[in-house]
Amino acid sequence: MAGYKGMDYVSVAFATDAEKAAALIPKELTLIAIPALPGMASANLVFAKYRECDLGPYMEVIISIAVLHQGRPYGYVPAIYVDNDAALLAGRELGGYPKKMARITMRNYGNLFLSHMSRGSIQTKTVDPNFNDLASSSVTKGDKLFSVPLPADRTDELPYPYNLLLPLPLPRENRRTTCCRQWR
């Protein structure tokens, strides 16, 4: 595993068309339904800038879809884009990740983070020059959205829709036992 230090990380959770998301996941997985948004699925877009890394500095875009596997929530990753050959090869050959090359930029101006990702082969096929991005975000850093104190003796529930996207850790008293059972 490569070591990482000094990074910027922008994560954008969003709803997307469930049929299109289902086409990207293996048949062993099930999309997590969003009851308040029929026909939509939960997804996440991450822009990451790694300033100090054993692979050299690079940027990465990760797309994930909220799924269930054997009743447990996961983020299935149909695509990862990087801007560095070493990160591409390490991710593909050592990690088995579906990495591809792309042009990625991340800039921040105080609390404003602007991120952009494009791929040259896609841009040349696009008729409208206003639609040459594959992904972009404009995010303003704000205050803490919410805080949930985690009890030591039981698993708590986050409010909707966060309960669908963020699995909480087990209570402290069950962590060691459960951890050991999973590894046997």
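Predicted model: local features only at pLDDT ≥ 70, side-chain atom pairs only at ≥ 80, totals over all residues.

User: Why is the pair of tyrosine 50 and tyrosine 58 called tilted?

Analyst: The ring centres are 4.8 Å apart, and the limit for a pair is within 6.5 Å. The planes stand at 55°. Stacked would need under 30 degrees and edge-to-face over 60, so the pair is tilted.

User: How many salt bridges are counted, and what makes arginine 51 and aspartate 8 one of them?

Analyst: The count is two salt bridges. The side chains of arginine 51 and aspartate 8 meet at 2.7 Å, N to O, and the cut-off is within 4 Å. This pair links distant parts of the chain, with arginine 51 in strand E3 (residues 40-53) and aspartate 8 in strand E1, 43 residues apart.

User: How are arginine 51 and aspartate 8 classed by accessible area, and why?

Analyst: Arginine 51 has a relative accessible area of 43%. Buried is under 20% and exposed over 50%, so arginine 51 is partly exposed. Aspartate 8 has 14%, so it is buried.

User: How do you know that lysine 99 and glutamate 60 form a salt bridge?

Analyst: Their closest N and O atoms are 3.0 Å apart, against a limit of within 4 Å. Lysine 99 lies in strand E6 (residues 99-101) and glutamate 60 in strand E4 (residues 58-69), so the pair ties together parts that are 39 residues apart in sequence. Lysine 99 and glutamate 60 are both buried.

User: What makes E1 and E3 paired strands?

Analyst: At least two bridges are needed for a pair. E1 and E3 have 13, in the antiparallel sense. As one example, phenylalanine 14 stands opposite alanine 43 in E3.

User: How do you know that E3 and E4 pair, and what lies between them?

Analyst: E3 and E4 pair over eight bridges in the antiparallel sense, where at least two are needed. Leucine 45 has isoleucine 63 in E4 as its bridge partner. Four residues lie between the two strands of this hairpin, and glycine 56 in the turn has a positive phi of about 95°. E3 is mostly covered, with ten of its 14 residues buried.

User: Why is methionine 7 called partly exposed?

Analyst: Methionine 7 has 40% relative accessibility. Methionine 7 is in strand E1 (residues 4-17). Together with Tyr4 and Tyr9, Met7 forms a nonpolar surface patch of about 310 Å² accessible area.

User: Why is serine 115 called buried, and which residues does it touch?

Analyst: Serine 115, in strand E8 (residues 112-118), has a relative accessible area of 4%. Buried is under 20%, so serine 115 is buried. Leaving out residues up to four places away in sequence, serine 115 touches Val10, Phe47, Thr105, Met106, Ala135, Ser136 and Ser137.

Terms used
Residues numbered from 1 in each chain as written. Heavy atoms only, no water. Phe/Tyr/Trp six-rings, centres within 6.5 Å; stacked < 30°, edge-to-face > 60°. Patch = residues over 30% accessible without salt bridge, like charges linked within 9 Å, V, L, I, M, F, W, Y side chains within 5 Å. Areas by Shrake-Rupley, 256 points an atom, 1.4 Å probe, with all protein chains shown as cover. Buried < 20%, exposed > 50% of the residue type's maximum accessible area, 1.4 Å probe, protein only. Contact = heavy atoms within 4.5 Å.
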